[in-house]
Structures are given as C-alpha cells and as structure tokens.
Amino acid sequence: MLSIILIFVLAIYWGIISWRSRKYCPEERTAKIIKPISMIINLSPLIGIVIFTILFTFVLKGRFAERGTHALLVFAIWMYATRFYQYILAYYKKKEIFICSVSGMIFSIALAILLTPLDQYVSLIYSRMNWCSILLGCGLYIVFYAATFIVTKRAK
C-alpha cells in the first residue's frame, strides 16, 4: 500500500513542480539540449508501445496482465525521472526548481528501481490492485501530459 501512496505522491509532486516552473523561462544556454529531450520524452510512449508489443508477442510469454501493467507503470515513472532531469538542465540557476527537481529525480529513480523487478511489482502493487493498476499507470500519464501541456502553453 505504501508504494501505491508513493506513486500518488510522485504525481502530485510532479504537478506542483511543473506548476511552479511556469513562472520561469528555461536558460538559453541549455535550450539546444532540452528541446530534443522534450521531444523524445513526449514521443517515448509511442516508441514504448512498439517495443513492448514486439516483446509481448515474441519474447515474453505468460503473465500478460502483470507484465503489461508493470511496463505501463514503470515506464511512466522513468518518464517522470527524465522530465525532472530536463528541469534540472533548464532551471539550473533557479535554486528552488533545481533543488526540487533533483529531489524529484532521485525519488522517481528510487521508485522505478524498487518496482522494476516484476515479482516485486506484483507483490507491492498488482496483488492489491489487480487490473485496476492499469488505471494507476494511465493516471500517471494523464498527470504527466496535463502538466507538460500547461508548462508548454506558458512557454509559447
């Protein structure tokens, strides 16, 4: 149950940091780096769908529900970690956003590492939520893209 709460905390923390970063402009010096990273992050679910479809079709047999929800959730958490890294690069002169982004990245990575082994994921999340864990993963994506849309809208 604690891991489920930590996932909710990550989504809320992400939303707060994204909202607070709206009032700052990214550093010019890092613009060449953060734009490609942003594009890759935004397109990564499509790439992930292709890769995981191939894996689930040809390599990974059995436990489809567990593997599918696991892939969805852990992939979303890694997206959060990568976006926090992008914020570190973009706002390195803004101490508040920088420190919060470093904390968020460490938290995201720790959570992703904790949930990466399939058996660990099953015992911590899937055994409690079953198919509802797909809602948890989809919720992470919704929060991620909603906050990204808000920040991108501000930047234009």
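The expected span of a helix is 1.5 Å times one less than its number of residues. Keep that in mind as we look at this predicted model.

Q: What makes the span of α1 close to the expected one?
A: Helix α1 runs over residues 2-21, so 20 residues go into the rule. From its first C-alpha to its last it reaches 28 Å, and the expected value is 28 Å too.

Q: Which residues of α1 are buried, and what puts them on the same side?
A: The buried ones are Ser3, Ile4, Ile7, Leu10, Ala11, Trp14, Ile17, Ser18 and Ser21. They cover an arc of only 155 degrees around the axis, so they sit on the same side of α1. Here's the handy background: an α-helix has 3.6 residues a turn, so residues three or four places apart point the same way.

Q: Which exposed residues are on the face of α1 turned away from its buried side?
A: That face carries Leu2, Ile12 and Trp19.

Q: Why is Ile17 called buried?
A: Buried means under 20% relative accessible area. Ile17 comes in at 3%, so it counts as buried. Setting aside neighbours within four places in sequence, Ile17 is in contact with Phe84, Tyr87, Ile97, Cys100 and Ser101. Ile17 and Phe84 are 67 residues apart along the chain, yet their C-alpha atoms are separated by 9.0 Å.

Q: How do you know that Glu27 counts as buried?
A: Its relative accessibility is 13%, and the cut-off is under 20%, so Glu27 counts as buried. You'll find Glu27 in the loop between α1 and α2. Not counting residues up to four places away in sequence, Glu27 touches Ala90, Tyr92, Lys93 and Lys94.

Q: Why is Thr116 called partly exposed?
A: Thr116 has 38%, so it counts as partly exposed. This residue lies in the loop between α4 and α5. Leaving out residues up to four places away in sequence, Thr116 touches His70, Val74 and Trp78.

Q: What makes α3 roughly perpendicular to α5?
A: The two helices pack at an angle of about 90 degrees, with their axes 10 Å apart. Angles of 65 to 115 degrees count as roughly perpendicular, so α3 and α5 get that label. On the α3 side the contact is made by Ala65, Glu66, Arg67, Thr69, His70 and Leu73. On the α5 side, Leu118, Tyr121, Val122, Ile125 and Tyr126 take part. The residues of this contact divide into 7 nonpolar, 2 polar and 2 charged.

Technical notes. Residues numbered from 1 in each chain as written. Predicted model: local features only at pLDDT ≥ 70, side-chain atom pairs only at ≥ 80, totals over all residues. Heavy atoms only, no water. Helix = DSSP H or I, 4+ residues; strand = E, 2+ residues; numbered from the N terminus. Buried < 20%, exposed > 50% of the residue type's maximum accessible area, 1.4 Å probe, protein only. Arc of directions from axis to C-beta. Axes fitted to C-alpha atoms, helices over the stretch in contact; angles between N-to-C directions. Parallel < 35°, antiparallel > 145°, perpendicular 65-115°, else oblique. Contact = heavy atoms within 4.5 Å. Nonpolar A, V, L, I, M, F, W, Y, C, P; charged D, E, K, R; others polar.
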